[in-house]
Amino acid sequence: MSALLTDIRRIIALEGPIPVERYMALCLGHPQHGYYMTRDPLGAAGDFVTAPEISQMFGELIGLFAAQCWMDLGSPSALRLMECGPGRGTLMFDALRAMAVVPGLRKAITVDMIEMSPVLAAIQRRRLQGDGISVRWHARIADVPDDGAPLIVLGNEFLDALPIRQYVRQNGQWHERLVGLDGEALIFGLSPAPEPAIRQDGPEGAVLETCVPAHGFVAELATRLRRTGGVALFIDYGHARSGFGDTLQALRRHAFIDPLASPGDADITAHVDFAALARSARSAGLAVHGPVGQGAFLQALGLEARADRLIRNAPSAEKADAIRDAERRLTEMTRTGMGSLFKAIAFTAPGQPLPPGGW
Ligand code: SAH
């Protein structure tokens, strides 16, 4: 039995059923037993594989994206490069290597990593040490010093880990979805009191999701980007249009499991509502680009040419096949393929040039 389950049962026994948002926050970020706080979940031996772990090309192309943005900003002598939820540090490692081709850029960069997990921060530190670039770690974006330098923010599979609230339509009103106890087991239920503040209509039984921390995060980004100039790029899975549906999901050893089955021992995420994020960013005064499918985004950044080049230099036919496979995997356009389910969205301070990416 998971250690966290004991804690969550105790909380519910004392306080009553808890919102899905609190459940998700405990599962991922509980200081002792939270999923990200205790392990490296990435890779074939872990629970899920992300794009930077599939191929070096992903981080390299994002590095070139950042390099172009820096030049569009007028090649400033100081640039804050921030990554949210950097996992193993692979994206940043590959991006910094690709950025070295642009004269003067690496000299300008200070890296800020936003990472809540001490385990992953230690892995990132090892990965980036000796790279000759100043890197600092912060638990929250609000902790990143603001010295006025322009900002480039990157985040791959970060937003999906931010806790969501869910509401279910019952008798013409929205009720918050809660996690409670049925004997020893965790079960979903609904708050008896409706939420009159949600004015949206919806069919009986519909599930409405909202990610409050994502909107707070966008607001904080907007304040900074509008002051310093810059670009933020997020890549994640989710939907381009807001809609109804329960997207809470848990992954363990590369398979979906019941989100209540193994609190703290499974990755628990939700699809990103890109339309809601875009609305939030626009109302905070940012220009929004996309979302576009990850496939189209990576192609626009030159994925094919990069793959061809790596294949030409591949030491063996197997290595060449692996590069072609990775290219296919990153751009696959089936319903659940990374090329379409995953999307890229960029925010810029108003009046700035369009960032690269095929928007
Ligand atoms: N970007 C990486 C890792 C994705 S996994 C990759 O593509 O491989 C999610 C990452 O976000 C992890 O590093 C996790 O520790 C971090 N994370 C999740 N929620 C967070 C939060 N609220 N604040 C800071 N980091 C968070």
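Analyst: Happy to; what follows is a set of questions and answers on a predicted model, with cut-offs given where the reasoning needs them.

User: How do you know that the structure holds zero disulfides?

Analyst: A disulfide needs two cysteine sulfur atoms within 2.5 Å, and the count for this structure is zero. Take Cys 69: the nearest cysteine sulfur belongs to Cys 84 and is 15 Å away, so Cys 69 is in no disulfide under the 2.5 Å cut-off. For Cys 84, the closest cysteine sulfur is in Cys 211 at 13 Å, which is too far for a bond.

User: What makes Cys 69 and Cys 84 buried or exposed?

Analyst: The label buried applies under 20% relative accessible area. Cys 69 has 2%, so Cys 69 counts as buried. Cys 84 has 0%, so Cys 84 counts as buried too.

User: Why is Ala 100 called partly exposed?

Analyst: Partly exposed covers the range between the buried cut-off of 20% and the exposed cut-off of 50%. Ala 100 has a relative accessible area of 48%, and therefore takes that label. This residue is in the loop between α6 and α7 (105-108). As for distances, Ala 100 and His 289 are 189 residues apart in sequence and 26 Å apart in space, taken C-alpha to C-alpha.

User: Now Arg 80, please. Where is Arg 80, and what makes it buried or exposed?

Analyst: Arg 80 sits in strand β2, which spans residues 79-84. Its relative accessibility is 5%, and the limit for buried is under 20%, so Arg 80 counts as buried.

User: How do you know that the side chain of Arg 80 makes a polar contact with the side chain of Asp 147?

Analyst: The N or O atoms must lie within 3.5 Å, with one able to donate a hydrogen and the other to accept it. The side chains of Arg 80 and Asp 147 make such a contact at 3.1 Å, so the distance meets the cut-off. A polar atom of the Arg 80 side chain also lies 3.2 Å from the backbone oxygen of Pro 145. Leaving out residues up to four places away in sequence, Arg 80 touches a set of residues including Thr 110, Asp 112, Arg 136 and Ile 152.

User: Why is Thr 269 given its label of buried, and which side chain does its own side chain meet in a polar contact?

Analyst: A relative accessible area of 2% falls under the 20% limit, so Thr 269 is buried. Its side chain makes a polar contact with the side chain of Tyr 237 at 2.6 Å. Thr 269 lies in strand β13 (residues 267-269). Not counting residues up to four places away in sequence, Thr 269 touches Met 24, Asp 160, Tyr 237, Thr 247, Leu 248 and Gln 249.

User: How do you know which residues line the largest pocket?

Analyst: A lining residue has an atom within 4 Å of a pocket point. The largest pocket has 38 of them, and Gly 85, Ile 114, Met 116, Phe 158 and Leu 162 lie nearest its centre. Two or more lining residues come from each of α2 (20-29), α4 (51-54), α6 (90-99) and α9 (212-228). The space in this pocket is about 790 Å³. Its lining has 22 nonpolar, eight polar and eight charged residues.

User: And what makes up the lining of the second largest pocket, by class?

Analyst: That lining has nine nonpolar, six polar and five charged residues. The pocket holds about 540 Å³ of space. Its lining has 20 residues, with Val 49, Leu 251, Phe 256, Thr 336 and Phe 342 the closest to the centre. The elements giving two or more residues are β11 (249-252), β13 and α14 (338-341).

Definitions and conventions
Residues numbered from 1 in each chain as written. Predicted model: local features only at pLDDT ≥ 70, side-chain atom pairs only at ≥ 80, totals over all residues. Heavy atoms only, no water. Buried < 20%, exposed > 50% of the residue type's maximum accessible area, 1.4 Å probe, protein only. Helix = DSSP H or I, 4+ residues; strand = E, 2+ residues; numbered from the N terminus. Contact = heavy atoms within 4.5 Å. 1 Å grid on protein atoms, 1.4 Å probe; cavity = no way out; pocket = protein on both sides within 12 Å on 5 of 7 lines; lining within 4 Å. Points joined across faces, edges and corners; volume = space filled by probe spheres on them. Nonpolar A, V, L, I, M, F, W, Y, C, P; charged D, E, K, R; others polar.
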